[in-house]
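I opened this notebook to keep a record of what I looked up in the structure, going from the overall fold to single residues. The entries follow the order in which I worked.

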Amino acid sequence: MKNCDHYTTLFSDYIDGDLDDRARSSLRAHLAACPACAQRLNAMQAVRGSLAQLPHIKTSESFDLLLQARLRREMRQAPRRRPFPLFELNWRVPAYAAAALCLVFFGALLQRRSYSSFIAKSSDSVAMDTVRRTDLAAIEPGYLVFVELDTVNNLYRIINYGGIDNVNSLQDFRRALAQQDDNRTRTGLPNLRTAPQNRSVTMRTRQDMPQLRQAEFIF
Amino acid sequence: MSDLKLQPDISDEELIRRFQEDDFAAYNAIVHRYKDQLLNFAYRFLGNVEEAEDIVQETFLRLYRNKHAYRQIAKFSTWIYTIAGNLAKTELRKRKRRRVVSISDMGFEDKDHEIKDELANTEQVANSALTEKIIQQAIDELPPRFRQVIILRDIQELSYEEVGSILRIPLGTVKSRVNRARLKLQAKLKDIKMPAL
């Protein structure tokens, strides 16, 4: 007579319906005579059922955004990692050159803007809309832009910007955002899971100059 | 791009072939098709959503970098699961090294308590969230080789053949490992009355 250890090795095949007739009959006979094994098999089936019903989670809303940003960085680094020799010159060369020119132009544009001021309407919301519709409209996805609004003098200017490409993981990204919390009014950290894209994520007031508001945009 | 995402009749192998010919829409379609599956696999393996998302991100970056490493002799799904599985195992090893420090900072009483207190309250397991947490803790306690097979087979519901291809082990080994993993999990959860999730 075979022992319980032998029969437990057949449990999975039995549950999956993979046992041949002879082995299945032998196991059933054993289960009828051995309540411990029968109980164990029932418990295994219950656990397996529970595993199949575990809820499925979905990637966060920022998942695609961050992946695209990391891919852009990957694309920029690719030519450096594997410089192509002359005999490989093809259509990619002008493509890389055009992409590089675009990057330089875009960087220069933002750099120039970072020291400029623009006239805006009086209220924050109108100013924010103006910012979104006009000067920031051309910014490609993957950038965090910080704008300062002077609600008294009706001015705003871009005070800083950063590519979210410069983070290696979602955890880094969140950590980096959390560290910007220096003088923000406590309205909560930006929540990238729920924040709609192309909208300001947070507003903050400067302690020393209350008429100034700072806004972050994520593109 | 969106067209490809919405065409389930295009096989994975066709999508990767197009991506190998620099069709980025095909890459996006693969991401769309696999991101949640891989997230669930990595999440059940690591027990942490953020770490799991990072693993999936890294998996797709590896796919982007190494698209030509894929050969049509293997199923694409097993290939990408293998990448994610290897990354998840590496993350687990890193985490163990980090944990050596934190556990050494704990007192003996702290070490003993962890999951057992919750498992002991068998009659109080009343809601699905807690059930899920307890099952996840039991999965976390399994050695990685058992954890992988049980996730792939019983949670992801892949075939034994697919599990064998992903883990690069023979079919017989997969089957015996799944059986042992189920027995271990059943032993850990034997005192829990499972309400429906």
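I began with the order of elements in chain B, which from the N terminus on reads α-α-α-α-α-α-α-α-α-α-α, and I noted 11 helices and 0 strands for this chain. Helices here are DSSP runs of H or I with at least four residues, strands are runs of E with at least two, and both are numbered from the N terminus. Before going further I wrote down that this is a predicted model, in which local features need pLDDT of at least 70 and side-chain atom pairs count only at pLDDT 80 or more, while totals for chains, interfaces and linings use all residues. Residues are numbered from 1 along each chain as its sequence is written, and chains are lettered from A and ligands numbered from 1 in the order in which they are written.

For chain A I found 8 helices and 5 strands, and read along the sequence they follow the pattern α-α-α-α-α-α-β-α-β-β-α-β-β.

In chain B, 35% of the 197 residues are buried, and in chain A 21% of the 219 residues are; a residue is buried if 20 or more other C-beta atoms lie within 10 Å of its own, exposed if 12 or fewer, and partly exposed in between, with C-beta atoms placed from the backbone.

I then turned to where the chains meet, and the contact takes 32 residues from chain B and 31 residues from chain A. On the side of chain B that touches chain A, the elements giving two or more residues are α3 (24–46), α4 (49–65), α8 (128–141), α9 (144–155) and α11 (171–188), and the largest share, 10 residues, comes from α4(B). That side of chain B divides into 16 nonpolar, 4 polar and 12 charged residues, where Ala, Val, Leu, Ile, Met, Phe, Trp, Tyr, Cys and Pro count as nonpolar, Asp, Glu, Lys and Arg as charged, and the others, Gly among them, as polar.

Which residues touch the most other members of the largest nonpolar core? Of its 56 residues, they are Ile30(B), Ala42(B), Val56(B) and Ala84(B), a nonpolar core being a set of buried Ala, Val, Leu, Ile, Met, Phe, Trp, Tyr and Cys residues joined through C-beta atoms within 7 Å. The most is given to this core by α3(B), with 13 residues.

Asp22(B), in the loop between α2 and α3 of chain B, has a phi near 70°, a positive value in a residue other than glycine, and it is exposed, with 10 other C-beta atoms within 10 Å. Glu157(B), in the loop between α9 and α10 (160–167) of chain B, has a positive phi near 60° and likewise counts as exposed, with 10 C-beta neighbours inside 10 Å.

My last entry concerns Leu185(B), which is found in helix α11 of chain B and is buried, with 25 other C-beta atoms within 10 Å. Leaving aside neighbours within four places in sequence, Leu185(B) is in contact with Val47(A), Ala138(B), Leu142(B) and Ile150(B). The C-alpha atoms of Leu185(B) and Ile150(B), 35 residues apart along the chain, are separated by 9.1 Å.

Conventions. Two residues are in contact if their C-beta atoms, placed from the backbone, lie within 7 Å.
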